[in-house]
Amino acid sequence: MISSQDTRKKAVVLLSGGLDSATVAAWLQREGFEVHALSVDYGQRHSIELNAAREIAADLKLADHHVLQLDLRGVGGSALTDLEMEVPKGKSPTEPVSQEIPTTYVPARNTLFLSLALGFAEARGAHDLAIGVNALDYSGYPDCRPEFIASFEKLANLATREGIEGRPFRLHAPLQDLTKVEILRLAHELGVPVDKTISCYDPREDGSICGLCESCRLRLQAEMELNQ
């Protein structure tokens with residue numbers, strides 16, 4: 001007997017353990033997808049976000065959750081993979097976030113991660129990919145722009161057997177045009193375990209946030225606005 005879950009379309013979401021990717025996972029579920037989560041252990045400063053991703057996947061009851069190894073420390077060029085580089089921080093949580101590309105940018109990270117997700121999806125018969133990028137409240141990352149998302153979707157359909165045989169991929173970025181406070185509001189509406197998500201670039205060893213990195217400031221400012 002075929003269950004309703006067997007007939008649902010499959011989607012692969014890049015799940016970092018942060019607020020945005022968790023919200024996208026829950027959004028895909030609301031849209032009727034069977035959601036398969038992929039996280040990447042890329043040699044980032046801490047493993048806290050990977051632990052958060054595992055908890056979120058379990059709480060949302062995703063179809064499955066895989067963690068792939070891709071050590072980007074050898075590539076260098078980012079404060080997230082090089083412990084000798086400092087994560088830029090503000091003087092207070094309310095300090096505005098710069099639109100210049102910060103040192104927390106990881107060279108070509110979303111291109112690499114989406115490529116992994118594409119292969120992961122093709123191997124599982126999934127034709128929908130999703131990522132939690134945002135073009136409004138972000139730190140100027142070039143791989144969060146709508147142009148990048150549109151271009152990668154085209155690439156996906158040129159670079160795969162599924163694509164050239166007429167079974168195209170679609171890349172979803174449902175948070176693309178939302179502000180951080182709108183994302184936070186949507187997360188609560190979708191039942192995301194918000195308190196378990198971690199957005200900090202430089203958390204302390206006990207898992208608490210630094211409160212001053214750009215990601216922390218964006219989220220804390222959104223929480224303040226939401227609670228006004």
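Lys61 sits in the loop between helix 3 and strand 3 (64-69). Helices here are DSSP runs of H or I with at least four residues, strands are runs of E with at least two, and both are numbered from the N terminus.

Quick ground rules. This is a predicted model, with residues numbered from 1 along each chain as its sequence is written. Local features need pLDDT of at least 70, side-chain atom pairs need 80 or more, totals for chains, interfaces and linings use all residues, and side-chain values use heavy atoms, without hydrogens or water.

Back to Lys61. Its phi is near 60°, a positive value in a residue other than glycine. Most residues other than glycine have a negative phi. Is Lys61 buried or exposed? It counts as exposed, because its relative accessibility is 69%. The cut-offs are under 20% for buried and over 50% for exposed, with partly exposed in between (1.4 Å probe, protein chains only).

Ala108 also has a positive phi, near 60°. Its loop runs between strand 3 and helix 4. Ala108 has 34% relative accessibility, so it counts as partly exposed.

Now the overall fold. The protein has eight helices and five strands. From the N terminus, the order is α-β-α-β-α-β-α-β-α-α-β-α-α. The radius of gyration is 17 Å, close to the 17 Å of the globule rule for 228 residues, so the protein is as compact as a globular protein of that length. That uses C-alpha atoms, and the rule is 2.2 Å times the number of residues to the power 0.38. Along its principal axes, the C-alpha trace spans about 55 × 40 × 30 Å. Of the 228 residues, 48% are buried. Take the contacts (heavy atoms within 4.5 Å). Among those with a separation of 6 or more, 75% join residues 24 or more positions apart.

Next, the cores. A nonpolar core joins buried Ala, Val, Leu, Ile, Met, Phe, Trp, Tyr and Cys through side-chain atoms within 4.5 Å. The largest one holds 36 residues, and Val12 and Ile131 touch the most other members. Strand 1 (10-14), strand 2 (34-41), helix 4 (109-123) and helix 5 (146-158) each give two or more residues. Helix 4 gives the most, with six.

What does Val12 touch, beyond four places away in sequence? Its partners include His36 and Leu38, then Ala117, Phe120 and Ala121, then Asp128 and Leu129. Another core, of 29 residues, lies apart from the largest one; Ala53, Leu60, Leu175 and Ala222 are among its members.

On a 1 Å grid over the protein atoms alone, a cavity is a set of points where a 1.4 Å probe fits but cannot get out, and lining residues have an atom within 4 Å of a point. Points join across faces, edges and corners, and volume is the space filled by probe spheres set on them.

How many cavities of 30 Å³ or more are there? The count is one. The largest cavity has a volume of about 830 Å³. Its lining has 41 residues, and Ser16, Asp20, Arg109, Gly132 and Tyr201 lie nearest its centre. Helix 2 (19-30), strand 2, helix 3 (48-59), helix 4 and helix 8 (214-226) each supply at least two lining residues.

Terms used: 1 Å grid on protein atoms, 1.4 Å probe; cavity = no way out; pocket = protein on both sides within 12 Å on 5 of 7 lines; lining within 4 Å.
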